[in-house]
Amino acid sequence: MSGYEIHSGQRSWWSGDLTTLCGLRIPSRDVKGKAWFSGPTCPACKRVKKQQKKGGRR
Ligand SMILES: [Zn+2]
């Protein structure tokens, strides 16, 4: 693999797991030490984030 994508997501407060905007589930132990919130490189995450910014609710 050529590097890994940085995903953006929300961390669940009950399990510590991260659910990314593109639908991945990252276990809490893998979340540690990675810059999940510093801006996604994952295309799918980017798109979702853009939509959130633009629209809000709809
Ligand atoms: Zn992603």
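What we have here is a predicted model, in which local features need pLDDT of at least 70 and side-chain atom pairs count only at pLDDT 80 or more, while totals for chains, interfaces and linings use all residues. Residues are numbered from 1 along each chain, as its sequence is written.

First, the layout. The protein chain contains three strands and two helices; helices are DSSP runs of H or I of at least four residues, strands are DSSP runs of E of at least two, and both are numbered from the N terminus. Starting at the N terminus, the order is β-β-β-α-α.

How much of the chain is buried? Of the 58 residues in the protein chain, 14% are buried. By definition, a buried residue has 20 or more other C-beta atoms within 10 Å of its own, an exposed one has 12 or fewer, and a partly exposed one falls in between, with C-beta atoms placed from the backbone.

Let me turn to the sheet. The three strands form an open sheet in the order β1-β2-β3, with antiparallel pairing. Strands β1 (9–11) and β3 (25–26) are at the edges with a single partner strand each, so one side of each has no neighbour in the sheet. Two strands are said to pair if DSSP finds at least two bridges between them. Strand β2 (residues 18–20) is joined to β3 by two bridges, and T19 has R25 of β3 as its bridge partner.

Now the helices. Helix α1 covers residues 28–31 and includes R29. R29 counts as exposed because it has 9 C-beta neighbours inside 10 Å.

Why does helix α2 lie largely in the open? The number of buried residues among the 13 of α2 is one, so this helix is largely in the open.

Finally, the loop between α1 and α2, where T41 lies. T41 has 13 other C-beta atoms within 10 Å and is therefore partly exposed. Beyond its neighbours within four places in sequence, T41 is in contact with E5 and I6, contact meaning that C-beta atoms placed from the backbone lie within 7 Å. The C-alpha atoms of T41 and H7 are separated by 6.4 Å, although these residues are 34 residues apart along the chain.

Note on methods: Contact = placed C-beta atoms within 7 Å.
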